Amino acid sequence: MSDFLDYRVIKRKIESEVCTEHNVSPEFIKTAKGFQINSCCEEFKNKLIEKSKKHIAEQTKSAVEQMMKKAFKR
Ligand SMILES: [Zn+2]
């Protein structure tokens, strides 16, 4: 289902974030079930999970729109 998502884009976005308290960048890991985030603290991790979900939702939306466009071209 989520195979068409470009996790590299999401990874780049998430890993460019820096914890305001510890000044450390997180690590975004694509897993079989979805994704995992390694970060310095729980608070930052929770924030990043919310952001990731938003990015994934956006990616899904644009991927579906792309597929629809292709489908209607014929
Ligand atoms: Zn932190």
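The axes of helices H1 and H2 come within 10 Å of each other and cross at roughly 150 degrees, where the axes are lines fitted to C-alpha atoms, for helices over the stretch in contact, and angles run from 0 to 180 degrees between N-to-C directions. H1 is therefore roughly antiparallel to H2, a label for angles over 145 degrees, while those under 35 count as roughly parallel, those from 65 to 115 as roughly perpendicular and the rest as oblique. The contact is made by Val9, Ile10, Lys13 and Ile14 of H1 together with Leu48, Lys51, Ser52, His55, Ile56 and Gln59 of H2; two residues are in contact if their C-beta atoms, placed from the backbone, lie within 7 Å. H1 passes H2 in a right-handed crossing, the name used if the near helix is turned clockwise from the far one by less than a right angle, with left-handed used if it is turned anticlockwise.

This is a predicted model, in which local features need pLDDT of at least 70 and side-chain atom pairs count only at pLDDT 80 or more, whereas totals for chains, interfaces and linings use all residues. Residues are numbered from 1 along each chain as its sequence is written.

The secondary structure of the chain comes to two helices and two strands, and from the N terminus on these elements run α-β-β-α. Helices (H or I, at least four residues) and strands (E, at least two) are DSSP runs, numbered from the N terminus.

The largest nonpolar core consists of six residues, namely Ile10, Ile14, Phe28, Ile37, Phe44 and Leu48, and the elements that give two or more residues to this core are helix H1 (7-15) and helix H2 (42-73). Such a core is a set of buried Ala, Val, Leu, Ile, Met, Phe, Trp, Tyr and Cys residues joined through C-beta atoms within 7 Å. Ile14, one of the core residues, touches Pro26, Phe28, Ile37, Leu48, Lys51 and Ser52, not counting residues up to four places away in sequence.

Of the 74 residues of the chain, 12% count as buried, which requires 20 or more other C-beta atoms, placed from the backbone, within 10 Å of a residue's own, while 12 or fewer make a residue exposed and the values in between partly exposed. Val9 lies in helix H1 and is exposed, because it has 12 other C-beta atoms within 10 Å. In helix H2, where Lys53 is found, this lysine counts as partly exposed because it has 13 C-beta neighbours inside 10 Å. Lys61 is also found in helix H2, and it is exposed, with 10 other C-beta atoms within 10 Å. Asn23 lies in the loop between H1 and strand E1 (27-31), has a phi near 60 degrees, a positive value in a residue other than glycine, and counts as exposed, with 8 C-beta neighbours inside 10 Å.

For the chain as a whole, the C-alpha trace spans about 55 × 25 × 15 Å along its principal axes. The radius of gyration of the chain is 15 Å, whereas a compact globule of 74 residues would have one near 11 Å; this radius is taken over C-alpha atoms, and the globule rule is 2.2 Å times the number of residues to the power 0.38. Among contacts between residues at least 6 apart in sequence, 32% join residues at least 24 apart.
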